[in-house]
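Welcome! Please take a moment to look over the sequence and the 3D view before reading on.

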Amino acid sequence: MNDDRPVLLETRGTCMHLTLNRPRALNALSHTMVRLLDEALARAEQDEAIRSVLLSGAGDRGLCAGGDIRALHDDARVSGRASLEFWRDEYRLNARIARFPKPYVALMDGIVMGGGVGVSAHAGIRVVTERTRVAMPETAIGFVPDVGGTRLLAAAPGELGTHLALTGRSVGAADAILCGLADHHVPAHLLPALTEALSEPAGPGASAADLVQRFATRPPVGELAAQRDWIDACYAADTVEDIVRKLRESGVHEARTAADELLTKSPLALKVTLAAVRRAARLDSLEAVLDQEYRVSSRAFEHPDFVEGVRARIIDKDNAPQWKPGSLAEVDDQEVARFFAPLGPGERELGLAPEPADTSAGEGRAG
């Protein structure tokens, strides 16, 4: 009999197994799933018998394709508030995962996108396979990378994170490790054995990290290391317009392809994303970045590009979104800045980071 619970929870030995269980929807996260994961981690943190946590996805297509985009789209169309509450709990879960005091092993097999990155890439031990494809593809639907993704991408070597944030491209195992989104490559056929090993009592001095290392192998060759020269040179520009110009003038075929790709994305989302990644690099904690992302997500949710992007890419699939504004030149800098401004009356900040110290006697930190 099939188990239709959206999150399966099982304790084997000293390891709590958490399985995202919506395989037909590629394990897309619902609000209920976020709450179940948070409750399970809170319990595991307090239970001395639980020594590690293992996260995986049901089915063979991927860990998690992200949040339930159709539900978010439907909520945005009617100016609802359910999505804001979903993000509030989701971002708090991301912070809990990052600070979880016991080994948290995420099996990032197959597709791992958006919210799937949030429940895995903040883990202490992140495992990818030859089937892994990791992405933050939000600009294609008029949205902006979130779930702590702007911090992860800002920390990638050189301008690799900027490239991935703006294009929304997916990367395989080697590139995920290069960009700091994962730690170890384990062949997919060894995942059952790894899962079994993590469920058995470890020997003296053995740890979850040691067990994963025993199964780890060299991943298939990636693509980004060989492209660092043009990526770092072009994406270091101060504006999206200058990035596109540098990509076009680079003389590199892959760079020109990236420029063409960028011009299919929401112009507003591109500019907000660039600002978000650059600001995230100057913030001193994941919590501060998640607070910033909550403001940005709240504003993006209100903007017509989000509904239009989901319509064009996911619902109607005509791949012909009508962005507003329609070009980078038409995007107003003040509109971009509004995405980062404190939320207004009647809106609640996420409030994960401590209140900053009074800087009235001097200049405050940028970002």
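In β8, which residue is the bridge partner of M113? The partner is A135. Keep in mind that this is a predicted model. The points below start with the sheet around that pair, then turn to some of the helices.

**The sheet**

- Three strands make up an open sheet, in the order β4-β6-β8, and their pairing is parallel.
- Strands β4 (62-64) and β8 (133-135) stand at the edges with a single partner strand each, so one side of each has no neighbour in the sheet.
- On average, neighbouring strands here are turned by 15° against each other, ignoring direction.

**A pair of helices: α8 and α9**

- Helix α8 spans residues 191-199 and helix α9 spans residues 208-215; they pack at an angle of about 155°, and their axes are 10 Å apart.
- Angles over 145 degrees count as roughly antiparallel, and α8 and α9 are therefore roughly antiparallel to each other.
- The crossing of α8 past α9 is right-handed.
- On the α8 side, the residues that meet the other helix are A193, L194, A197 and L198; on the α9 side they are A208, L211, V212 and F215.
- Sorted by class, this contact of α8 with α9 holds 8 nonpolar residues, no polar ones and no charged ones.

**A covered helix: α6**

- Is helix α6 (residues 160-167) mostly covered or mostly open? It is mostly covered, since 8 of its 8 residues are buried.
- The buried residues are L160, G161, T162, H163, L164, A165, L166 and T167.
- What do these buried residues of α6 pack against? Their partners are α5 (149-154), α7 (173-178), α10, α11 (240-249), α12 (253-262) and α13 (267-282).
- After α6 comes G168, which has a positive phi, near 75°.

- R228 belongs to helix α10, which covers residues 228-235.
- With a relative accessible area of 25%, R228 is partly exposed; the partly exposed class lies between the 20% limit for buried and the 50% limit for exposed.
- Leaving out residues up to four places away in sequence, R228 touches P157, G158, L160 and A233.
- One of these, P157, is 71 residues away from R228 along the chain, and their C-alpha atoms are separated by 9.0 Å.
- Another of them, L160, is one of the buried residues of α6.

How values were computed: Residues are numbered from 1 along each chain as its sequence is written. This is a predicted model: local features need pLDDT of at least 70, side-chain atom pairs count only at pLDDT 80 or more; totals for chains, interfaces and linings use all residues. Side-chain values use heavy atoms; hydrogens and water are left out. Two strands pair if DSSP finds at least two bridges between them. Helices (H or I, at least four residues) and strands (E, at least two) are DSSP runs, numbered from the N terminus. Axes are lines fitted to C-alpha atoms, for helices over the stretch in contact, and angles run from 0 to 180 degrees between N-to-C directions. Angles under 35 degrees count as roughly parallel, over 145 as roughly antiparallel, 65 to 115 as roughly perpendicular and the rest as oblique. A crossing is left-handed if the near helix is turned anticlockwise from the far one by less than a right angle, and right-handed if clockwise. Contact means heavy atoms within 4.5 Å. Ala, Val, Leu, Ile, Met, Phe, Trp, Tyr, Cys and Pro count as nonpolar, Asp, Glu, Lys and Arg as charged, and the others, Gly among them, as polar. Buried means under 20% relative accessible area, exposed over 50%, partly exposed in between (1.4 Å probe, protein chains only).
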